[in-house]
Each structure stands twice: as C-alpha cells, then as structure tokens.
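The sequence and the model are shown below.

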Amino acid sequence: MGHWERTSGLGSLEAEVMGALWRAESALRVREVLAELNRVRDSALAYTTVMTVLSRLAERGVVRRERAGRGYAYLAVARSTAEIAVRRLLDDYGDAALVSFVDQVSDDEQLRARLRRLVDE
C-alpha cells in the first residue's frame, strides 16, 4: 500500500486521475483525462479504465460529473488528499470520529495551539 492509499483511500490510478483534475482549470472529459495520463505513461490506459475510475470517484463524491454534450465532464470536488481522507473518515465513523478528534484536541495543548493557529489564518 502506497502513500496515497494510506492517507486518502485513493488507489494509485485514482490519485493520478485526481492529479489531472486538480491541475485542470475546468472540468475535463474522459478523453482529456486519458490524454493527460497517457502523456507520461509507458503503457497506455484504456478509455474505459479511466471512465470507470471517474465514475467511481463521482459515486464517492470526490468528483462531480456534469453533462457535456453527449457525455460527461468531471471536476474535482475535494481540494486535496487530506480533504478526501477527512471525508472518508467522517463517512466511515460519523460522530465517533468527531468525538475522538475533540478528545484528542482536549488532551493535547500543542494540538490545541496548532488548531487555534490554523483557525486564525
């Protein structure tokens, strides 16, 4: 398991797809994501592989799918792997995750100071 899987729950191809969407200035069609990914790969990905990954990311709420002609274009909803990890944690554990976070902050002065600093930014 690589860094992306541990921190965000993204597989390596999902992380590549998200990277392409984060670099884009607007929503991308499957063909555009495919071209971006295949530009730097030794073996080309299939259109259906990228379409499946984008569909799964859309089902998880990480990307948003919008109509673009007869197909769809995809836009990153999550702004970072950290945001994806937090969403996943909250989806998996709900209020228990929040309670645990509050307990952690309450018991750790350095963490409270760090949180205050981030909130003030």
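## Basis of the description

Two strands are taken to pair if DSSP finds at least two bridges between them. Strands (E, at least two residues) and helices (H or I, at least four) are DSSP runs, numbered from the N terminus.

The model is predicted, and local features need pLDDT of at least 70, side-chain atom pairs count only at pLDDT 80 or more, and totals for chains, interfaces and linings use all residues. Residues are numbered from 1 along each chain as its sequence is written, and side-chain values use heavy atoms, with hydrogens and water left out.

## Overall architecture

Seven helices and three strands make up the chain, and in sequence order they follow the pattern α-α-β-α-α-β-β-α-α-α. The C-alpha trace spans about 50 × 30 × 30 Å along its principal axes. The radius of gyration of the chain is 17 Å, whereas a compact globule of 121 residues would have one near 14 Å; the value is taken over C-alpha atoms, and the globule rule is 2.2 Å times the number of residues to the power 0.38.

Of the 121 residues, 26% count as buried, meaning under 20% relative accessible area, with exposed over 50% and partly exposed in between. Among contacts (heavy atoms within 4.5 Å) between residues at least 6 apart in sequence, 46% join residues at least 24 apart.

## The sheet

The three strands form an open sheet in the order β1-β3-β2, with antiparallel pairing. β1 (28-29) and β2 (63-68) are the edge strands, each pairing on one side only. Helix α4 packs on this sheet and touches β2 and β3; its direction makes about 115 degrees with that of β2 (axes are lines fitted to C-alpha atoms, for helices over the stretch in contact, and angles between N-to-C directions run from 0 to 180 degrees).

Six bridges join β2 to β3, and two join β1 to β3.

## The nonpolar core

In soluble globular proteins, nonpolar side chains tend to be buried together. The largest nonpolar core here has 23 residues, of which Met-18, Leu-21 and Val-33 touch the most other members; such a core is a set of buried Ala, Val, Leu, Ile, Met, Phe, Trp, Tyr and Cys residues joined through side-chain atoms within 4.5 Å. At least two core residues come from each of α2 (12-23), α3 (30-38), α4 (47-59) and β3 (71-76). The largest share, six residues, is supplied by α2.

Which residues does Met-18 touch, not counting those up to four places away in sequence? They are Leu-10, Leu-57, Val-62, Val-63, Ala-76, Ala-78 and Ile-84.

## A position in helix α3

Ala-35 is found in helix α3. This residue is partly exposed because its relative accessible area is 49%. The C-alpha atoms of Ala-35 and Leu-45 are separated by 9.2 Å, with the two residues ten apart along the chain.

Key. Buried < 20%, exposed > 50% of the residue type's maximum accessible area, 1.4 Å probe, protein only.
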